[in-house]
There are 2 protein chains.
Amino acid sequence: MQTIVLVCLLAVLANADLFTAIADLQHMLGAEKDVTTVIDRYIAAERARLDDLRRYAYEYVHRNAHAEAVGPEFVTNPINAYLLIKRLTTEWKNVENMMLNNKASAFLQNITANRENSQVKFPGEVDLSGAATALLRLQDTYNLDTHDLANGIIGGEKVANKLSGHDTFEVGRAAYNQKDYYHTLMWMQVALNKIENESPPSVEEWEILEYLAYALYQQGNVRRALSLTKRLAKIAPNHPRAKGNVKWYEDMLQGKDM
Amino acid sequence: MQTIVLVCLLAVLANADLFTAIADLQHMLGAEKDVTTVIDRYIAAERARLDDLRRYAYEYVHRNAHAEAVGPEFVTNPINAYLLIKRLTTEWKNVENMMLNNKASAFLQNITANRENSQVKFPGEVDLSGAATALLRLQDTYNLDTHDLANGIIGGEKVANKLSGHDTFEVGRAAYNQKDYYHTLMWMQVALNKIENESPPSVEEWEILEYLAYALYQQGNVRRALSLTKRLAKIAPNHPRAKGNVKWYEDMLQGKDM
């Protein structure tokens with residue numbers, strides 16, 4: 001096991017950005033601790049906003065209902081006319097502003113500032129695909145089983161948490177981006193199995209199907225590619241490519257049959 | 001009383017837009033009834049968003065805390081390294097999106113659509129200043145007391161709700177926009193009295209002070225204008241004009257003294 005971990009680590013270290021991110025792990029996770037506090041404060045601020053909104057909006061609606069109950073003569077009184085029109089303009093604007101005034105941006109700026117103060121470069125998309133690629137290299141070198149890896153098992157030992165459907169899907173996408181359709185096929189198939197037991201699914205079935213069908217086609221299984229693309233067209237009728245792809249695979253199979 | 005109401009109504013009717021708004025009052029208030037339902041549904045949707053966010057963010061933080069507790073060796077395992085980096089990229093992005101995803105716009109579009117379906121032209125800023133002007137004309141014609149009007153009293157009778165500080169302030173602004181500094185002075189002074197008993201005040205003291213000081217200056221009371229502007233500069237130290245105005249009034253008084 002020691003060897004595998006070492007090889008993997010070397011593969012991981014090949015990516016300089018990733019190296020920085022991992023070397024600074026403790027720092028990074030330390031900075032992330034404040035996230036709970038910030039999110040708790042955000043949720044409290046938002047709840048207070050909703051309570052204010054409810055009070056203000058109820059007052060708005062209550063006073064309108066009173067005006068309606070009195071009937072048209074309500075506004076023959078000039079003070080009432082003024083107050084009613086002020087309510088339907090200025091006060092309604094206040095209701096709108098209370099609805100739109102989500103305080104997330106300020107809190108997120110807080111978190112960003114914390115991260116910047118921590119002097120640690122947080123990982124980005126490049127680091128994510130680097131880490132997925134490291135997993136694929138490990139799998140390739142040691143001929144590891146996709147189901148095992150996706151269940152946190154290396155060499156028969158449970159060494160990590162299970163991957164979710166979306167975790168698995170992202171490894172499949174890394175393989176796809178390297179035109180490694182053999183691994184795309186295996187990881188996307190596992191992703192499809194995983195989401196069957198997820199509620200709600202961590203990734204949509206239609207997202208998996210398009211990659212899976214294309215990988216099957218690349219591996220020479222056009223019939224199964226067609227069958228999955230038909231399912232894709234059925235569950236995602238507005239998908240921009242599904243119907244065109246069905247035809248494409250159908251034409252290909254007819255060509256073969258001729 | 002009948003006469004006053006009639007005169008006022010004539011003044012109100014002078015504004016064609018306002019006429020439309022008032023003639024359609026019942027319709028308009030009918031359409032506004034749905035507002036409670038829409039706002040209730042908005043508040044429920046937002047509470048659900050906050051609950052989801054709390055669950056998701058806690059899971060995010062909990063798993064980071066676990067990684068930190070294990071220490072740097074946590075990521076010598078390539079599955080852990082991948083999962084950790086995915087959490088700090090994709091899953092953190094999800095937390096951000098859940099924070100930013102205020103659903104107000106969709107609900108407000110709903111309300112706008114309702115209003116448009118009701119075929120009624122809702123009042124705007126022009127109608128509001130028209131209604132305030134109608135109040136001022138009525139006051140002028142019948143020499144009515146500002147305090148009485150602001151307390152919903154016409155000719156000794158309580159005919160409407162009390163005006164708030166902000167309601168009163170807006171009438172003062174309508175007077176100001178017509179360069180009617182005599183009425184600006186009176187209504188802004190009442191607004192100032194009103195907010196003393198409001199918590200929180202429906203309009204900020206500094207907003208009233210600037211109008212009040214200028215109206216006092218226009219009515220020839222430079223000393224009191226200076227005194228209020230000094231107070232304005234004190235309570236709103238970043239006000240763009242307060243300090244300049246203090247100097248302006250001071251110079252004016254010195255010129256007089258010479």
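Which elements each supply at least two residues of the lining of the largest cavity? The views below take up this point and others in a predicted model.

**Figure 1. The largest cavity is lined by residues of chain A and chain B.** Helix α3 (25-32) of chain A and helix α4 of chain B each supply at least two residues of the lining. A:L29, A:E32 and A:K33 line the cavity from chain A. From chain B come B:V61, B:N64, B:A65 and B:E68. The most is given by α4(B), with 4 residues. By class, the lining divides into 3 nonpolar, 1 polar and 3 charged residues. The volume is about 40 Å³. The count comes to 1 cavity of 30 Å³ or more.

**Figure 2. The largest pocket has a volume of about 600 Å³.** Its lining has 19 residues, and those closest to the centre are A:S164, A:S202, B:Y56, B:E91 and B:N94. Two or more lining residues come from each of these elements: α9 (165-177) of chain A, and α4 (34-70) and α5 (78-100) of chain B. The lining holds 8 charged, 6 polar and 5 nonpolar residues.

**Figure 3. The second largest pocket holds about 520 Å³ of space.** It is lined by 17 residues. Nearest its centre lie A:Y56, B:S164, B:E198, B:P200 and B:S202. Helices α4 (34-70) and α5 of chain A each supply at least two lining residues, as does α9 (165-177) of chain B. The classes are 5 nonpolar, 6 polar and 6 charged.

**Figure 4. Chain B can be laid on chain A by a turn of 180°.** The shift along the axis is 0.0 Å, and the RMSD is 0.2 Å. The two copies are thus related as by a two-fold rotation axis. Of the residues of chain B, B:N102 comes closest to this axis, with its C-alpha at 3.1 Å.

Figure 5. A:A67 is 14 residues from A:A81 along the chain, and their C-alpha atoms are separated by 9.8 Å.

Figure 6. A:P200 sits in the loop between α10 (181-196) and α11 (205-218) of chain A. The place of B:P200 is the loop between α10 (181-196) and α11 of chain B. B:P200 is also one of the residues nearest the centre of the second largest pocket.

**Figure 7. Helix α11 of chain B spans residues 205-218.** This helix has 14 residues. From its first C-alpha to its last it reaches 20 Å, close to the 20 Å expected at 1.5 Å a residue. Its buried residues are B:I208, B:L209, B:Y211, B:L212, B:A213, B:A215 and B:L216. An α-helix has 3.6 residues a turn, so residues three or four places apart point the same way. Just after α11(B), B:G220 takes a positive phi of about 95°.

**Figure 8. B:R223 is found in helix α12 of chain B.** The helix covers residues 222-235. B:R223 counts as exposed because its relative accessibility is 55%, over the 50% cut-off. B:Y249 is 26 residues from B:R223 in sequence. Their C-alpha atoms are 7.8 Å apart in space.

**Figure 9. A:N143 and B:K179 have positive phi without being glycine.** Phi of A:N143 is near 50°. A:N143 is placed in the loop between α7 (125-142) and α8 (146-150) of chain A. At 69% relative accessibility, A:N143 is exposed. For B:K179, phi is about 55°. B:K179 belongs to the loop between α9 and α10 of chain B. B:K179 is exposed too, with a relative accessibility of 64%.

Methods
Residues numbered from 1 in each chain as written. Chains lettered and ligands numbered in written order. Predicted model: local features only at pLDDT ≥ 70, side-chain atom pairs only at ≥ 80, totals over all residues. Heavy atoms only, no water. 1 Å grid on protein atoms, 1.4 Å probe; cavity = no way out; pocket = protein on both sides within 12 Å on 5 of 7 lines; lining within 4 Å. Points joined across faces, edges and corners; volume = space filled by probe spheres on them. Nonpolar A, V, L, I, M, F, W, Y, C, P; charged D, E, K, R; others polar. Expected span 1.5 Å × (residues − 1). Buried < 20%, exposed > 50% of the residue type's maximum accessible area, 1.4 Å probe, protein only. Least-squares fit on C-alpha atoms with pLDDT ≥ 70 in both.
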